[in-house]
Amino acid sequence: MTPGGYEYLRGMLHEKSGLALTGDKQYLIESRLIPVARRHGHAGLDELVRAARNPGSEALRADIVEAMTTNETFFFRDKTPFEHFDNLILPALLKARSNRRRLRIWCAAASTGQEPYSLAMMLDQNAHKLAGWNIEILATDISIEVLEKAKAGLYTQFEVQRGLPINYLMKYFKQVGDMWQIAPTIRQKVKFAPFNLLADYAALGSFDVVFCRNVLIYFDTETKRDVLARMAGSLAPDGYLLLGAAETMLGVSERFEGVAGYRGVHALKGQGDQAAAAPARQQPFQAEAGAGRLRAV
Ligand SMILES: C[S@@+](CC[C@H](N)C(=O)[O-])C[C@H]1O[C@@H](n2cnc3c(N)ncnc32)[C@H](O)[C@@H]1O
């Protein structure tokens, strides 16, 4: 591919999705975009770029953006955010919202659905505390393809073996041919919709909990700062934001502070006391080796 073509793709991807291609990522572009070129009937990447530069090629540019997303995810990824949700966030919010009895949760880069479905299953496990509560889980992603898979709730044997406790598999999934489908009762708890994190958040309303995990790592500092500023505006004053295990606010945003003792959990600055006043930490849950069952340790 010509250097000009590479620079065009780099600029376009940054503008449309926030993706920051640092250094020489020609190999990544080639491996991800040659199939797109073929699908659209172009002999190679230079022709694909020529077509994408055409002002009328919005759909092709969207396909390119989509192909460049990294959609890696799995059930109960990193485990501790879900323990923190169960031990800190849910009890604190059930107390704080006891009059309104309504909670809104947003998975802001939900990929193929494992993250919001993990939350939905956890909430189902807490059903006895949630009678009469209206709990909304909104799961969004820039990629239409991953959202289609998420909505179908169909996973391979490999996918259900990654992070999903065996008792959850037995309780919430049904085998369909060589795939596993999540129960309609859990699927109905999650609403999936396309949403670009670079867009205006106003129409989404305010959330009590935002999971924004393993997406900011693909953005440059300025884009991260911008996204976090919008997230701050979308979070209830006493709400919680969860980032991925490798992600930090340090040097990126001054709007949030970490909740002491709960790595990866952030509150809006000045709300730390509220978070600190949350129920005393309970025993964490851990997937049982082999059986893969969640149990208190
Ligand atoms: C690595 S996955 C993370 C999935 C899940 N949050 C997790 O931690 O397991 C990152 C997701 O971010 C999505 N994404 C990338 N750029 C985005 C943007 N600008 N707006 C919304 N989603 C985006 C990708 O399509 C991808 O599905």
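**View 1. Helices α2 and α3 pack at an angle of about 70 degrees.** This is a predicted model, where local features need pLDDT of at least 70 and side-chain atom pairs count only at pLDDT 80 or more, while totals for chains, interfaces and linings use all residues. Residues are numbered from 1 along each chain as its sequence is written. Helix α2 covers residues 26-39, helix α3 covers residues 45-53, and their axes lie 9 Å apart. α2 is therefore roughly perpendicular to α3 (65 to 115 degrees; under 35 is roughly parallel, over 145 roughly antiparallel, the rest oblique). Axes are lines fitted to C-alpha atoms, for helices over the stretch in contact, and angles run from 0 to 180 degrees between N-to-C directions. Helices are DSSP runs (H or I, at least four residues), numbered from the N terminus.

**View 2. Side by side: the residues where α2 meets α3.** From α2 come E30, L33, I34, V36 and A37. From α3 come L45, E47 and L48. Contact means C-beta atoms, placed from the backbone, within 7 Å. Six of these residues are nonpolar, none polar and two charged. Ala, Val, Leu, Ile, Met, Phe, Trp, Tyr, Cys and Pro count as nonpolar, Asp, Glu, Lys and Arg as charged, and the others, Gly among them, as polar.

**View 3. The shell around the ligand has 22 residues.** T69, T73, A109, S111 and N214 come nearest. A residue is near if its C-beta atom, placed from the backbone, lies within 6 Å. The shell has 11 polar, six nonpolar and five charged residues.

**View 4. Domain 1 touches domain 2.** The domain assignment, automatic or from a database, gives 3-67 and 80-287. Six residues of domain 1 contact 11 of domain 2.

Methods:
Helices (H or I, at least four residues) and strands (E, at least two) are DSSP runs, numbered from the N terminus. Two residues are in contact if their C-beta atoms, placed from the backbone, lie within 7 Å.
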